[in-house]
Amino acid sequence: MPLVSFLRMRVRPGLSMKLVFLLCVSTAALTFLLNASGTLHPHSPVNLSTNTRLSLLGNSSGHGDSCVLPKLKLWPPLYRKLFAKPKGLDCSLAEENWVYVDRGMFQISASAIRRHGEVKCVYTPLMRGRNDYTTIWGDPVVDVMSGMRLQTDFFKVNCTAEDNSAYFNIHAGITPVREPTPGPDASAGTQNPLGLNILMIGFDSTSRLAWMRNVPKTYDYLVNILGATVMEGYNIVGDGTPRALIPILTGHTEWELPESHRGVKGARTMDGHPWIWDDLKRLGYVTQYAEDKHKMGTFTFGMVGFQKQPMRTYYLQSEKLGGLSRRLCTGSVPRHVVFLNYARELYRTYPAHMRKFSFLFHVELSHDSTNLLQLADDDLVEFLKDMNGAGHLDNTVLIMMADHGQRFTRVRRTVQGKLEERTPFMSLRFPPSFARTHPEAIKNLRTNAKRLTTPFDIHATFKDIVDYSATMRGDVAQVSHVDEARS
Ligand SMILES: [Zn+2]
């Protein structure tokens, strides 16, 4: 499968060129419609085969055979009309959680003890069951003390206090079961000399413009403070979440991989796919993958999922607590903050010298409509500030992204909506030290930000990050850009 790294910038012949052509054609077709009308077409269905011809004619006027990225307004009238400020999220109306997790350790809060007197807690490990849809409870541990090392990433806790009040909740943290030993690939010595962590955080159904509309403070912090590069020509290569994420994570389409679709004869679990995290594990990386919304899991909704299971185990149980917590909260903490903390705890719990790969994909706030995503803006900025301030980003490639744009709301019936669905948010931020030592790679990245790029290119960029080779060591002659036809 031909792939193009954002850093290497080379288009190889074959399928990638066909794919690039098709993406250009279909995107340009919609752009042509938008431009020709001067407005949106709220209800006109788009016939791609017809518009392919239109787009070719449109492309020929002054742009040669280049791919023209659509120029979209940030605030078309319909978007302004449908945009709504969600009611404020105030999980603090609940009493502050009595228990929290800090650097892999169980802690009882000082304020709970001040308020209720001595607090005694029972810790019950929460583990994955026999498949992606079941959980099991481990043996309860009574009278757990602050400072106890977590036995499992997820657990429930029942506490009683001196004043007879009680607390129950489910928590998430990181258990460094053991320090992973680098696999045989790492012992070769020359692999992964960059030694960069990769932290990728995604939100479902959020186009580049939807990100700018709904989390503007985060966008500003990412771009103007951290210096992230936003890939303005980033385009999906298939419909829905799996077709967006599988190419990023494996470098393949789902059809190129062993059958794993639910209900299809011979389908088997996806553990054997060539996941990037397996490559990284062999190089000694600690890896983390998390999703919320277990009912619509990327790899379990239409596919058969994994033998080994990520964070949904936590949500399988915490979502059952609905009645006990305010909407979008788990106790006194917003659920998206629980989610972000899971990544933060990975960095806080494992030592800095251990390489980390973390991918967290959040669905709840943006799947149906992106309006709720506004609730996460301040928390995302705080998260990024905290990660940056603690030095966790000094050696980390930060990727904030989405799988695709909105698929269901009224905007999807407009031409702009169709274009936004194809152009999800994708940003990469390399640490300043990397930018200083590899200016050519960063220059390439910024050039490619204005060209057509796809999930396959993210996968190729991962490969470059961990399999650093001579072409990236300032040998400009060997570094080529994404073909200009993708500009
Ligand atoms: Zn999705």
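## Ground rules

Residue numbers start from 1 along each chain, following the sequence as written. Since the model is predicted, local features need pLDDT of at least 70 and side-chain atom pairs count only at pLDDT 80 or more, while totals for chains, interfaces and linings use all residues.

## The big picture

The protein has 15 helices and 15 strands. Both are DSSP runs numbered from the N terminus: helices are H or I with at least four residues, and strands are E with at least two.

Of its 487 residues, 46% count as buried. Buried here means 20 or more other C-beta atoms within 10 Å of the residue's own; exposed means 12 or fewer, and partly exposed is in between, with C-beta atoms placed from the backbone. Now for contacts, meaning two residues whose C-beta atoms, placed from the backbone, lie within 7 Å. Among contacts with a separation of 6 or more, 75% link residues 24 or more positions apart.

## A six-stranded sheet

Six strands make an open sheet with mixed pairing, in the order β9-β15-β14-β8-β13-β10. Strands count as paired if DSSP finds at least two bridges between them. At the edges sit β9 and β10 (286-291), each pairing on one side only. Helix α10 (residues 335-349) packs on this sheet and touches β8, β10 and β13 (356-362). The direction of α10 makes about 175 degrees with that of β13; axes are lines fitted to C-alpha atoms, for helices over the stretch in contact, and angles run from 0 to 180 degrees between N-to-C directions.

Strands β8 (residues 197-203) and β14 (residues 396-402) run parallel, joined by seven bridges. β14 and β15 go antiparallel over four bridges, and I399 stands opposite L428 in β15. β9 and β15 are antiparallel too, over two bridges, with V230 opposite S427 in β15.

What about the side chains of β15? M426 and L428 point one way, S427 and R429 point the other way, and all are buried.

In helix α14 (residues 439-448), the buried residues are A441, I442, N444, L445 and N448. They lie on the same side of α14 because they cover an arc of only 155 degrees around the axis, taken from the directions from the helix axis to the C-beta atoms. Over on the other side, P439 and R446 are exposed.

And what do the buried residues of α14 pack against? Their partners are β9 (229-230), β15 (426-429) and α13 (432-437).
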